[in-house]
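The following note is intended for a colleague who is meeting this structure for the first time.

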Amino acid sequence: MKRLRFLFFLTALLLPLSLCARAQEPQEQDVQEERELLAKAIYACTGQVSFCREWRLCIGELLLNRVASPEFPDTLEEVIYADETYCGKVEGYFAAITPDSRAYAAADRLLAGERVLNDPSVVWQNCHIYDGGVCKSYYDYRWGTIYFCRSPQQELYW
């Protein structure tokens, strides 16, 4: 009888732990999928070009800002596929991208919380300045100057 009570107690103790472990598995998969998408988007914008590490971080941070923004869709996948900037419209091309170690490193740093822009309203990146103003810009001899700009709808962010 003592053994039966002990087994019942042990089962009652371990069952919630095993359920908790199973509940965490999909979250890890979601993090891996988000990492892969973010690295692909960073690579789609930078490719083999010798952009600095900070530039890669800015591109990824801008994407994460869009996900958090009320102006854009709520998931990284929706943000990427909603905008031609990240080759989302050319799904075959984007699906075939194999990010390099620099793109994965930038994605990992961003998902760990590192930020360069430190401004959630920076949601635009282009070769011209948007109405919200420039937060940061970078120059590349092939691409020219790329601006990371704030949303003109600042009231949504502050």
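**Notes on the predicted model**

1. Helix 5 buries the residues Ala103, Tyr104, Ala106, Ala107 and Leu110. These residues lie on the same side of helix 5, because they cover an arc of only 160° around the axis. In an α-helix there are 3.6 residues a turn, so residues three or four places apart point the same way. Just after helix 5, glycine 113 adopts a positive phi of about 110°. It should be kept in mind throughout that this is a predicted model.

2. The overall arrangement may be stated next. The protein chain has five helices and three strands. Along the sequence, these elements follow the pattern α-α-α-α-α-β-β-β. Of the 158 residues in the protein chain, 37% are buried. The protein chain exposes about 9,600 Å², and carbon and sulfur atoms supply 56% of that area. Among contacts with a separation of 6 or more, 62% are made by residues 24 or more positions apart.

3. The largest nonpolar core deserves attention. This core has 36 residues, and those with the most contacts inside it are Leu38, Ile42, Trp55, Leu63, Ile80, Phe94 and Phe148. Two or more residues of the core come from each of helix 1 (2–46), helix 2 (53–68), helix 3 (76–82), helix 5 (101–111), strand 1 (122–126) and strand 3 (144–150). The element that gives the most is helix 1, with eight residues.

4. Alanine 44 is placed in helix 1. Its relative accessible area is 18%, so alanine 44 counts as buried, the cut-off being under 20%. Alanine 44 and phenylalanine 94 are 50 residues apart along the chain, yet their C-alpha atoms are separated by 7.5 Å. Phenylalanine 94 is also among the residues with the most contacts inside the largest nonpolar core.

5. The loop between helix 5 and strand 1 contains asparagine 118, and serine 121 lies in that loop as well. Is asparagine 118 buried or exposed? Asparagine 118 counts as exposed because its relative accessibility is 60%, where the cut-off for exposed is over 50%. The phi of asparagine 118 is near 50°, a positive value in a residue other than glycine. Serine 121, by contrast, counts as buried because its relative accessibility is 0%. Leaving aside residues up to four places away in sequence, serine 121 touches Cys149, Arg150, Ser151, Gln154, Tyr157 and Trp158.

6. The cysteines call for a separate remark. How many disulfides does a search of the whole structure find? The search finds zero. For cysteine 58, the closest cysteine sulfur is that of cysteine 135, and the distance of 7.5 Å is too far for a bond, since a disulfide requires sulfur atoms within 2.5 Å. Cysteine 58 is buried, with a relative accessible area of 0%. Cysteine 149 is likewise in no disulfide, as the nearest cysteine sulfur, again that of cysteine 135, is 8.8 Å away. Cysteine 149 counts as buried because its relative accessibility is 0%, and this cysteine is one of the residues that serine 121 touches.

Notes
Residues are numbered from 1 along each chain as its sequence is written. This is a predicted model: local features need pLDDT of at least 70, side-chain atom pairs count only at pLDDT 80 or more; totals for chains, interfaces and linings use all residues. Side-chain values use heavy atoms; hydrogens and water are left out. A nonpolar core is a set of buried Ala, Val, Leu, Ile, Met, Phe, Trp, Tyr and Cys residues joined through side-chain atoms within 4.5 Å. Buried means under 20% relative accessible area, exposed over 50%, partly exposed in between (1.4 Å probe, protein chains only). Helices (H or I, at least four residues) and strands (E, at least two) are DSSP runs, numbered from the N terminus. Contact means heavy atoms within 4.5 Å. Accessible areas come from the Shrake-Rupley method with a 1.4 Å probe; for residues, only the protein chains shown count as cover. The arc is that of the directions from the helix axis to the C-beta atoms.
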